[in-house]
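The exercises below are intended for a reader who is meeting this structure for the first time. Each one sets a task and then works through a solution step by step.

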Amino acid sequence: MEQLIEQLKSQIIEALNFEDMTPADIDTDAPLFGEGLGLDSIDALELIMLMDREYGIKLADPKAGKAIFQSVRTMAEYIQANRTK
Amino acid sequence: MRIAITGIGAISAIGRNCAETLQSLLNEQSGIGSMRVLGSVHKELPVGEVPFSDAELKQMAGIDLSEPMPRTALLGLLAAREAMQQAGLQNTDGCAFISGTTVGGMDLTEQHLHHYAQGQALDHIRLHEADSTTRTIASHLSPFAFTATPSTACSSALNAVLLGANMLRTGQAKAAVVGGAESLSKFHLNGFNTLMILSHEPCRPFDAKRNGLNLGEGAGYLVLEREEDAKIRGAVILGYISGYANTCDAYHQTASSENGEGAYLAMKGALEMAGLTPGDIDYINAHGTATPNNDLSESAALRRLFGSQMPAVSSTKAFTGHTTSASGGLEAAICVLAMQHGFIPANLHWSETAEGLVQPVLHTEHKPLHHVLCNAFGFGGNESSLVLSLAGTDLSETALPSSLTPIAAIEELDDSAVSQMVSGAEARRMTPQMRRIVAAARMVLQQTGITPDAILCETEWGCMAQSMRFLQDMLDNDEQQLKPTPFIQSTHNTVASLIAILTGNHGYNATYAQHPLSPSAAMMDIRTQMALGQIHSALVLQFDEQVESWDQVLAHVGDQMTPIAHAYIYKV
């Protein structure tokens, strides 16, 4: 799980172009949207695409992302449970 | 003076011309169905296609089959020609052709990009540019004194109407053929798909269970002229332009604000120019794309403005699909048909209301319409509204001052100034050249301390770095698993709307695709608006970026990209 979390942080930094950031800068349990990283709806679409490309998880409804993307940890847990690759 | 409409032309999934369009509307016959012409792998997505191949369209338009021509130009030519024939406009000396598009020649580029590298299909390359689509259409119509290509995403065609009207009111055109054209492309079908806003069923505007839009294609044009000129020519007057406004929601690149601020301001401005009150409007042709976000936001704006006096509302996108840059022209033509024949088009596929949504008209209603409002909203919050009337409204007119010079300019910026003006967090989605133009805009605004009434941008190639990134991703990955951000940032109007969002500017906002040989549309726009007192200050941007892959393509035809990031302030 810890390994997946670290890998996910790197993938988020790359997908969302946080050029000056390292995985250590992202708090595993901090909210991704609003406070914390301050992501928006475009980022949510990027995260949905990231899960599809990297883990073979398809979300049909963008609203479903809300619960999954609460934090890096919730996202990692969802990926762990649903990944197809 | 009064601005008369003397001709209309329309082509879309519901008809090759205005007569067929009218029949489909009256019969409640939608044109949305399975994809047959567009060569996308996403056959699961219903579309509003014009059911003819490019070769068939060429035949209809009398174009030689061997002549390379974007599908957008073919659709535009057919509809513009219909409008001019109805108006009986043959002599176009001193006339303007203003045609909005965003796709331009993208359909050819996505088919032939791999050919270019091999030195093939080279006569297609320059057709990529959106303004060349307008020039191509014009070259097959008649010699025009002025051409321009508004490119504000889905409000492009309505903004063409605004510029044409302003040119008539300032004596800059004897007549103006205005509207827009847009074909389907794999590029924007996939782009909208990455945004997860395409429905897999026929779209249901304003319905509780609406789940996205269907893309459509088509073109729509109006011929505008001064009432007295139309009467001298003996032309039949179909209706009048009585008010219009363009604003910016200044909220988000691809979403509308919850209270519909930009839409509210656009509709309010259009009514004010027309000297009308909400109770005077008989019908609203809503933008109504059937995305959860648009319909709720537009409903909020409608309720704010019209309150208990809500007129009949419908979205005709359940007939045609969302024809994106063409929608304002096509739907303005539909509004003229509705006034002429006294009916309100149905809002198809509606079954259930939900809190906050307006209640649309479900079936064709026959009644006289005196004033109708037509909305077109685009990415970046580019919102425009138009009031059309059966009887004319007097609009002010004035002469144009001979010239206009900027009071401040930023034409050079070093890298440290750029990183000072644009923070890392803000810049994470911007290409280096976008950072440069944002920095230049901020600097010139800071220098002058002006909050501009208008923000305009002119660009030859648009946001080409992100366009090529998305296109290459799409071609390499067979239209699967594409990143949304490059598409969101690919439209020509990204720069002007981004600056409005960053500075919270709800004023006039427009972008023109600008061929090097065309006269400056942005300057014509602000000069006419300043003369008419619609704006008193403007931020004008010139933007182009250098993209290695496209530069290599252009080298085949002895051309190259010229990067530019200039910002100017004009003031009266």
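This is a predicted model: local features need pLDDT of at least 70, side-chain atom pairs count only at pLDDT 80 or more; totals for chains, interfaces and linings use all residues.

Two residues are in contact if their C-beta atoms, placed from the backbone, lie within 7 Å.

**Exercise 1. Describe the surroundings of B:Lys43.**

Solution. 
Step 1. Locate the residue: B:Lys43 belongs to the loop that links helix H1 (18-26) and helix H2 (54-61) of chain B.
Step 2. Apply the contact criterion. Once residues up to four places away in sequence are set aside, B:Lys43 touches B:Ser34 and B:Met35.
Step 3. Compare sequence with space: B:Lys43 and B:His200 stand 157 residues apart in sequence, while their C-alpha atoms are 9.8 Å apart.

**Exercise 2. Determine whether B:Ile237 is buried, exposed or partly exposed.**

Solution. 
Step 1. Find the position: B:Ile237 sits in the loop between helix H8 (227-233) and strand E6 (239-248) of chain B.
Step 2. Burial requires 20 or more other C-beta atoms within 10 Å, exposure 12 or fewer, and partly exposed residues fall in between. B:Ile237 is partly exposed because it has 17 other C-beta atoms within 10 Å.
Step 3. List the partners: leaving aside neighbours within four places in sequence, B:Ile237 is in contact with B:Ala4, B:Thr6, B:Glu227 and B:Ala230.

**Exercise 3. Examine the positive phi angles of B:Phe206 and B:Ala290.**

Solution. 
Step 1. Recall the background: most residues other than glycine have a negative phi.
Step 2. Read the angles. B:Phe206, which is not a glycine, has a positive phi of about 65°. For B:Ala290, also a residue other than glycine, phi is positive and near 80°.
Step 3. B:Phe206 lies in the loop between helix H7 (186-194) and strand E5 (218-226) of chain B. B:Ala290 lies in the loop between strand E7 (283-285) and helix H10 (292-306) of chain B.
Step 4. B:Phe206 is buried because 27 other C-beta atoms lie within 10 Å. B:Ala290 counts as buried because it has 28 C-beta neighbours inside 10 Å.

**Exercise 4. Characterise the packing of H6(B) and H12(B).**

Solution. 
Step 1. State the geometry: H6(B) and helix H12 (residues 327-341) of chain B pack at an angle of about 70°, and their axes are 5 Å apart.
Step 2. Classify the angle. Angles of 65 to 115 degrees count as roughly perpendicular, and H6(B) and H12(B) are therefore roughly perpendicular to each other.
Step 3. Identify the residues that meet: B:Ser156, B:Ala157, B:Leu158, B:Ala160 and B:Val161 of H6(B) face B:Ser327, B:Gly328, B:Gly329 and B:Ala332 of H12(B).
Step 4. Sort them: the contact consists of 5 nonpolar, 4 polar and no charged residues.

**Exercise 5. Which strands pair with E5(B)?**

Solution. 
Step 1. Take strand E1 (residues 3-11) of chain B: 8 bridges join it to E5(B), and the two strands run antiparallel. Within this pairing, B:Gly9 has B:Tyr221 as its bridge partner in E5(B).
Step 2. Take strand E4 (residues 175-182) of chain B: 8 bridges connect it with E5(B), again in the antiparallel sense. Here B:Gly180 has B:Gly220 as its bridge partner in E5(B).
Step 3. Check the cover: 8 of the 9 residues of E5(B) are buried.

**Exercise 6. How many residues of H19(B) are buried, and what do they pack against?**

Solution. 
Step 1. Count: helix H19 (residues 521-531) of chain B has 10 buried residues out of 11. Among them are B:Met524, B:Ile526 and B:Met530.
Step 2. Name the partners: the buried residues pack against elements of chain B including helix H6 (156-169), strand E14 (454-459) and strand E16 (537-544).
Step 3. Look beyond the helix: H19(B) is followed by B:Gly533, with a positive phi near 75°.

Definitions and conventions
Residues are numbered from 1 along each chain as its sequence is written. Chains are lettered from A and ligands numbered from 1 in the order in which they are written. Helices (H or I, at least four residues) and strands (E, at least two) are DSSP runs, numbered from the N terminus. Axes are lines fitted to C-alpha atoms, for helices over the stretch in contact, and angles run from 0 to 180 degrees between N-to-C directions. Angles under 35 degrees count as roughly parallel, over 145 as roughly antiparallel, 65 to 115 as roughly perpendicular and the rest as oblique. Ala, Val, Leu, Ile, Met, Phe, Trp, Tyr, Cys and Pro count as nonpolar, Asp, Glu, Lys and Arg as charged, and the others, Gly among them, as polar. Two strands pair if DSSP finds at least two bridges between them.
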